[in-house]
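Work through the exercises below with the model open. Each one gives a task and then a solution in steps.

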Amino acid sequence: MWFRNDLRLADNPALHAAAQAGPVICVYVFEEDPAAARPLGGAAKWWLDKSLARLSEQIASKGGGLIIRRGAARAIVPDLAAECGASGVYWNRRYEARERDTDAHVKSALKAQDRTAESFNGSLLTEPWTVKTKSGGHYRVFTPYWKALLSDYVAPPPLGAPEKLSASDLSSLSIDDLSLHPTSPDWSVEFSDAWTPGEAAALDRLEAFLDGPVSNYGTDRNRPDLDQSSSGLSPHLRFGEVSPVTIWRAVRSRIDTGEIGAKDAMKFLSEVAWREFSYVLLFNEEDLEKVNYNRTFDEMAWRRGDDEFRAWSTGMTGYPMVDAGMRQLWRTGWMHNRVRMITASFLTKHLLIDWRRGEKWFWDTLVDADPASNPASWQWTAGSGADAAPYFRVFNPITQGQKFDETGAYVRHWCPELAKLPLEYLHAPWEAPEDVLDAAGVRLGETYPRPVIDHADGRARALAAYEALKTKQDAA
Ligand code: FAD
């Protein structure tokens with residue numbers, strides 16, 4: 001069994017099939033070659049480090065051992081199969097072009113050795129080629145995609161974890177040999193307060209979410225100031241510690257028994273389907289993280305703005321909602337969805353900086369950095385993507401803060417230097433009178449930055465650039 005983005009024992013189709021076929025040896029290969037797969041960012045490596053440790057313990061509890069290698073899977077997997085005389089190799093499919101290419105190579109190498117190579121769907125509800133439009137193409141707009149998925153999808157029955165796994169005398173690296181935990185500096189010190197990687201923690205989180213918060217998901221999901229306004233399952237899904245199929249079944253069965261209301265619960269499943277939709281785009285668009293889905297954007301006059309990019313990435317733009325989000329990201333490896341939209345809009349619209357630079361920053365700092373959802377969401381926000389936000393939608397970081405952080409708890413937590421400001425001025429401190437700033441201990445430009453750009457100016461500049469692009473597009 002070759003583990004990849006499916007670090008779990010239960011409900012794992014490839015592992016289940018391998019166990020049916022005979023004794024199973026478990027393997028993980030850490031790829032570093034950008035030609036074989038997109039190299040993981042720092043925060044995702046932190047997650048992988050802990051997740052592999054949990055997987056390894058689980059495998060050991062079944063009598064097996066996780067064989068870890070580093071390097072090119074194309075050579076390593078067939079070599080390992082030959083070394084231990086495996087009759088076949090089993091894995092769950094991946095969907096990015098480079099990964100597919102790697103897997104195809106491994107498959108032919110195994111076939112050439114007269115071994116079976118069997119692959120399965122272990123990380124999606126429906127694979128990217130399954131839900132088709134009437135004309136046979138792929139969906140480019142989410143709502144009709146979701147309707148089509150909903151009308152056809154039936155979750156397969158659950159698959160138990162194998163009873164027993166096999167030990168082997170194949171040589172293995174230790175997890176520490178992969179050096180996945182960040183050092184010099186270790187900026188992940190607070191991650192473990194926020195997260196517990198691994199299959200058991202993923203299932204606990206799902207259960208806890210379905211036991212309560214899901215019932216208010218429809219309204220609370222936009223509220224970063226509330227604890228547990230969303231499930232927090234994204235990194236678990238990213239590494240396959242829980243499958244979306246398991247989530248789907250758990251939600252549907254609680255709806256059927258009347259334990260949870262259908263409206264909020266289905267809204268939650270529709271968000272899970274956004275992940276699926278991102279995979280449709282990833283599968284059909286090579287280089288989603290590099291190439292504008294809408295090629296007109298190749299002509300966009302992005303600004304360089306290195307100082308502004310630094311202010312954005314370090315949470316020092318002078319816009320509290322943006323800064324709170326960027327600091328939450330740095331400190332916990334995660335950011336609330338509403339704030340991801342606000343911060344991404346601020347970078348691409350107010351600062352007019354190329355979405356690809358923001359995407360890369362998120363890729364490196366998110367524990368849930370996902371090869372499909374991250375570039376697809378950035379392109380959506382920038383306006384260059386499929387089913388993109390209209391180009392003239394420039395999120396207003398002040399009113400977004402007032403509306404979605406209505407208690408101010410989010411900004412007060414992540415920007416403690418503003419904690420004493422009255423709510424009235426919290427999302428726009430530069431509008432506060434001097435005596436209010438004094439009383440709150442805020443000195444703009446010293447204890448907290450002045451805005452890197454005036455909101456009205458940033459908005460006007462973005463609209464002008466986007467309109468110029470549209471004019472070019474219309475003329476073409
Ligand atoms: P919930 O609201 O509980 O949703 C449940 C699950 O549905 C999530 O765990 C996630 O797997 C999926 N989901 C929810 N919203 C979306 C969405 N808009 N697009 C795709 N899947 C979604 N999500 C990632 O998993 N990885 C990323 O790298 C990523 N990058 C993003 C970058 C930007 C600029 C934006 C705007 C969004 C990004 N998202 C990404 C989507 C979304 O923000 C996160 O999935 C969500 O915040 C995770 O929190 P949660 O698990 O509590 O979500």
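A residue counts as buried when its relative accessible area is under 20%, as exposed when that area is over 50%, and as partly exposed in between. The model is predicted.

**Exercise 1.** Find where Glu289 and Arg98 lie, and state whether they are buried or exposed.

Solution.
- Step 1: The side chains of Glu289 and Arg98 form a salt bridge, at 3.4 Å from N to O.
- Step 2: Glu289 sits in the loop between α11 and α12, while Arg98 belongs to helix α4; the two are 191 residues apart.
- Step 3: By the cut-off above, Glu289 and Arg98 are both buried.
- Step 4: Both residues also belong to a network of salt bridges that includes Arg38, Glu96 and Glu359.

**Exercise 2.** Classify Glu406 and Arg223 by accessibility, and say which parts their pair ties together.

Solution.
- Step 1: A salt bridge joins the side chains of Glu406 and Arg223, with 3.8 Å from N to O.
- Step 2: Glu406 is in the loop between α17 and α18 and Arg223 is in the loop between α8 and α9, so the pair ties together parts 183 residues apart in sequence.
- Step 3: Glu406 has a relative accessible area of 44%, so Glu406 is partly exposed.
- Step 4: Arg223 has 14% relative accessibility and therefore counts as buried.

**Exercise 3.** Which helices do the buried residues of α12 pack against?

Solution.
- Step 1: Helix α12 covers residues 306-313, and its buried residues include Phe309 and Trp312.
- Step 2: The buried residues of α12 pack against α13, α14, α15 and α16.
- Step 3: After α12 comes Gly315, with a positive phi near 70°.

Technical notes. Residues numbered from 1 in each chain as written. Predicted model: local features only at pLDDT ≥ 70, side-chain atom pairs only at ≥ 80, totals over all residues. Heavy atoms only, no water. Buried < 20%, exposed > 50% of the residue type's maximum accessible area, 1.4 Å probe, protein only. Helix = DSSP H or I, 4+ residues; strand = E, 2+ residues; numbered from the N terminus. Contact = heavy atoms within 4.5 Å. Salt bridge = Lys/Arg side-chain N within 4 Å of Asp/Glu carboxyl O.
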